[in-house]
Amino acid sequence: MTVNEKLNLLREKMKEYGIHAYIIPSTDPHLNEYVPDHYKSREWISGFTGSAGTVVVTLDKAILWTDGRYYIQAARQIKDSEFELYKMEKGIPNYMEFIEQNLSKGQGVGFDGKAMSCADALKMKDRFDKKGIFIKSDIDLISQIWKEDRPCLPREKLFIHDLAFAGLSLKEKLDQVLGQMEKNKVDYYIVSALDSIAWLLNLRGNDVSYIPVFISYLLISRTSVTLFIDQEKLTHEVKAYLEENKILVKDYEDIFKELAAIAPDKSILVDNSKNSYAIYSAVKKSKMVNKEDIISRLKAVKNSVEIENIKETYIKDGVAMVNFLHWLDTNIGVDEITELDVDDKLLEFRKEQEYCLGASFDTIAGYNANGAIVHYKATPENYAVLKPEGFLLLDCGGQYLSGTTDITRTIVLGDITDEQKRDFTLVLKSNIAMATAVFLEGTTGKSLDALARQPLWKFHINYKHGTGHGIGFCLSVHEGPQGFSTDIPLEPGMLVTIEPGIYKENRYGIRTENTLVVVKDKFHQEAGQFYRFEMLTYCPIDIRAIDVSLLEQHEIDWVNNYHRDTYNKLSPYLGEEQKNWLRKMTAEIGE
């Protein structure tokens, strides 16, 4: 079926249910960023494959909203359909405002409450009630029209994540959670986020591409913990482990009747931003406490064992990156290399490293103009052949039992212009500005964001994505609550990426990304405790693209020190050819 044919079928169903607008978010019942193929409803109805976006279909319009990472990609992917692109920017109505403007009193909007966040649904209810627009939150129209070729739900087996990697046992983590429940004075705590469940239980799965999690719910009370899951996924070893740790196991769908059975006088912690409206609806008879998810904050602060593991993992990942970069530098202009080859070869080098499970997200390998698409992905139908000229933007990561990595390098393939050198150097300055920040205890990532943007703002340049995000541990490459777009204070043990960029549509893109960990700096008697960032990523930044005249002396020193550390940490694990190449690529600048 074409996209327009799918829209026609959806509108017929909307008429049957008496609604005038239908909302299709990007999420699934667990509000995942990356969803199993079975739940890719927004992608199926619109043809847009980006990870973020919302669709609203009315009886005469079809609108897609997405953010600045995907404007170019979305415009290309919907151009042959009825869909219009609404950019998520000031002055353009968001999807709730659009519905308010296009529906009249007495008309209705529908959505699948299992795939809609509670926070968004409650916001809609408050706004739409005032306009006299009714809501039907329990209709899954996509399942009624997407029948042929819809992928089945995954049923992969779980495995135990060893204590040598996790650092804390299930019991130790559960004691932390119960302590927070006591502090919040709640009797129950519902966990829908798959990475939180995997973290607490020290279990991993393979239900979501790139993220080793498993579809399930967890209900914690003061006296018991119940896992709701398709029990076919449990091996004998995992069953014994759960029994040993006194974890009860029930069928996945039983979560709703279990929540409904909680006594009205009992309180339950429900983070509205982490749970679906269907979960909220099931527990609304109890005393709900809407507070920040307990596990999100606990797993964001890595323990000492996790930090030592992740440091070693970034060395492994750096070795894989250098092996790849040497291969690319040696073969560009000799053999035909496509963006698809880049992805395949990079994975090959990563899988040579101990504990590697695969990639941590879809590799972004964008040559020249494709690099300007922030979250570009080459496909067999649409890819570029690399030539010995211009830039390759490579944003990639590895998923290891010993940690999750994320790195971006912009690579010189041949001749580049003075403008490209200038832009590359400005991005480098932005990265250094944030990496060298010293900040007071209690400082939020959001309050530091302008540090990275200032070197670009001086040239009236900006990027339409976040400066960086948190990272999980053998979990999601994008992990909250910390980042440079949130009001969460940065704490020692939190991992963050720093990834400013410059994008020139139809020409090129530049981004340099490193991952760092927050550590304690000096304590000052009057001011208090200061923090700083410690580098985790070690991989050469392409010195062939640096305009040294734009750098101040402290920035030159930073680059030279970084490259000295990179060579010293990676060279013991490299072959002679690769070692010689790395020596050349980490040569001092500014002399």
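Predicted model: local features only at pLDDT ≥ 70, side-chain atom pairs only at ≥ 80, totals over all residues.

The protein chain holds 19 helices and 28 strands, and 59% of its 591 residues count as buried.

**Overall shape**
- The C-alpha trace of the protein chain spans about 70 × 55 × 55 Å along its principal axes.
- With a radius of gyration of 25 Å, close to the 25 Å that the globule rule gives for 591 residues, the protein chain is as compact as a globular protein of that length.

**Contacts and surface**
- Take the contacts in the protein chain with a separation of 6 or more: 69% of them come from residues 24 or more positions apart.
- About 24,600 Å² of the protein chain is accessible surface, and carbon and sulfur atoms account for 48% of that area.

**A helix pair to look at**
- Two packed helices are described by the angle between their axes and the distance between the axes.
- Helix H18 covers residues 553–570 and helix H19 covers residues 576–585; they pack at an angle of about 170 degrees, and their axes are 10 Å apart.
- That angle makes H18 roughly antiparallel to H19, since angles over 145 degrees count as such.
- On the H18 side, the contact involves His-563, Thr-566, Tyr-567 and Leu-570; on the H19 side, Lys-579, Leu-582, Arg-583 and Met-585 take part.
- By type, the residues of this contact between H18 and H19 divide into four nonpolar, two polar and two charged.

Technical notes: Residues numbered from 1 in each chain as written. Heavy atoms only, no water. Axes fitted to C-alpha atoms, helices over the stretch in contact; angles between N-to-C directions. Helix = DSSP H or I, 4+ residues; strand = E, 2+ residues; numbered from the N terminus. Parallel < 35°, antiparallel > 145°, perpendicular 65-115°, else oblique. Contact = heavy atoms within 4.5 Å. Nonpolar A, V, L, I, M, F, W, Y, C, P; charged D, E, K, R; others polar. Rg over C-alpha atoms; globule rule 2.2 N^0.38 Å. Buried < 20%, exposed > 50% of the residue type's maximum accessible area, 1.4 Å probe, protein only. Areas by Shrake-Rupley, 256 points an atom, 1.4 Å probe, with all protein chains shown as cover.
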